[in-house]
Amino acid sequence: MTLLPQEVIRRKRDGGELDADAIRAFVEGLTSGTVKNEQVSAFAMAVFFRGMSLDERVALTLAMRDSGRVMTWKGFDGPIIDKHSTGGIGDTVSLMLAPALAACGCYVPMISGRGLGHTGGTLDKLDSIPGYRTNPDNALFQRTVREAGCAIIGQTDDLAPADRKFYAIRDVTGTVESLDLITASILSKKLAAGLDALVLDVKCGTGAFMATRADAQSLAESLVTVANGAGTRTTALLTDMNEPLADAAGNALEVNVAVDILTGRLTTGRLYDITLALGATLLFMTGQAASEADGHARMVDSLDSGQAAERFSRMVRALGGPADFLENSTAYLNPAPVSRDVMPEERGFVQAIDTRAIGIAVIELGGGRRAVTDPIDPSVGFSNLAGIGDNVGPDVEIATVHAASADAAERAAERIRGAYRIGPDAPDQTALILDRIGA
Ligand code: URA
């Protein structure tokens, strides 16, 4: 016999352990509405204070995954895989990673999100591509994955509906910051895509949600243990987000960088390196590569040979975008009316960057949302962003700001100057990949 919702709450409130049946019944009630919002919020607060065991986290993740449709991929002749990033600045990894893996024989049904807090979202970046549909019906989604090997789209209403409802309640009851609930929330959506393997990019630093390494490490460990416990092979890379991943922040400006990598014009830098590392990890995990090194070489070849670009073009065309987007991206990505370089007052080396402030500056320029319903201006943001260790000065910019007006550009320039700390000596370079958790 399953427990009443109030008994589930009491047991968790008192630090007891819930079995999988009780958790599943509670989540079913949450989804159908028989468990009331006030009961969900009390449950969330009890979990926030008391925590959950590994078994409880797995049960919550699976129950939330099963609250809607779980995709199946019958007849696909390669592994079904995906990546999740906890979010940062200048992170367009998905735009290269999905087609590069598709070119290596994998299928990547990638369910992505919009900007959250100060971070950019993959869907907002894809919206810069005219005609690209981020919300196709399931038949078009599956067809695109079959034909292009990858499709990057938004969450559909029928995937993990319990998470949408639960998250909205957590958002207004001070219960978002629970490792247990974050783990179940992220994984329920990913696992509903019916994956064989998943790689996680868990970021820490000034531009990440988890600013400290210890918090990021705990999240990575929780995600990896629960995902593997729920039956999906998962590895996490713990990566540095103390500076933007690319030299651009802002939707169309970041798409420009992705186009440069896909077309072979850019073959260095942190964004390029992390794309290869995440891809190599997945190729090795799924047996598509004999070793990490082999996976790395296959990723390089996929980008160098133009095969990743070809998969990207197929995906864009299948989802309604221009067939020649990669060849003629400048014709499709409109520049902002105003652009100007931002010079620092002193000469020296970039010591540290408040990366979060760059994300906030993009939002203030109109490139992100203050409220959920805000429209986004894809053209605004920053390019030529200096990285840690770069030598800058009154004649060498720390960024170029792209804005809708001169006033907005001036405000953004001030904010970006405040985000950079410059000193006389070159700082030590920090590693991009800090740790690997899981297989
Ligand atoms: N992202 C999610 O999808 N869920 C959370 O709970 C936090 C971040």
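**Ligand site and surroundings**

Tutor: By class, the shell around the ligand holds three nonpolar, one polar and two charged residues. Here Ala, Val, Leu, Ile, Met, Phe, Trp, Tyr, Cys and Pro count as nonpolar, Asp, Glu, Lys and Arg as charged, and the others, Gly among them, as polar. This is a predicted model, where local features need pLDDT of at least 70, side-chain atom pairs count only at pLDDT 80 or more, and totals for chains, interfaces and linings use all residues. Residues are numbered from 1 along each chain as its sequence is written, and side-chain values use heavy atoms, with hydrogens and water left out.

Student: Which residues surround the ligand?

Tutor: Tyr167, Arg170, Ile182, Ser185, Ile186 and Lys189 do, each with a heavy atom within 4 Å of the ligand.

Student: And which helices supply at least two residues each?

Tutor: α8 (161-171) and α9 (179-191). α9 gives the largest share, four residues. Helices are DSSP runs of H or I with at least four residues, strands are E runs of at least two, and both are numbered from the N terminus.

Student: What do the polar side chains do there?

Tutor: Arg170 has a polar side-chain atom 2.9 Å from a ligand oxygen. An N or O atom in the Lys189 side chain lies 2.5 Å from an oxygen of the ligand, and one in the Ser185 side chain lies 2.6 Å from a ligand nitrogen. The protein covers 81% of the 230 Å² of accessible area that the ligand has on its own (Shrake-Rupley, 1.4 Å probe).

Student: Switching topic: where does Glu56 sit?

Tutor: Glu56 is in helix α4 (residues 54-65). Glu56 counts as buried because its relative accessibility is 2%; buried means under 20%, exposed over 50%, partly exposed in between (1.4 Å probe, protein chains only).

Student: What does the Glu56 side chain reach?

Tutor: The backbone nitrogen of Ser53, at 2.8 Å. The Glu56 side chain also makes a polar contact of 3.0 Å with the side chain of Lys12. A polar contact is a pair of N or O atoms within 3.5 Å; within protein, one must be able to donate a hydrogen and the other to accept it, and residues adjacent in sequence count only if both atoms are side-chain atoms.

Student: Which other residues does Glu56 touch, leaving aside neighbours within four places in sequence?

Tutor: Besides Lys12, the list has Gly16, Glu17, Leu18, Ile23 and Gly51, with contact meaning heavy atoms within 4.5 Å.

Student: Now α7. Which of its residues are buried?

Tutor: In α7 (residues 138-148), Leu140, Phe141, Gln142, Thr144, Val145 and Ala148 are buried. Their cover includes α5 (93-103), β2 (108-112), β3 (150-154) and α14 (307-318). Just after α7, Gly149 has a positive phi of about 90 degrees.
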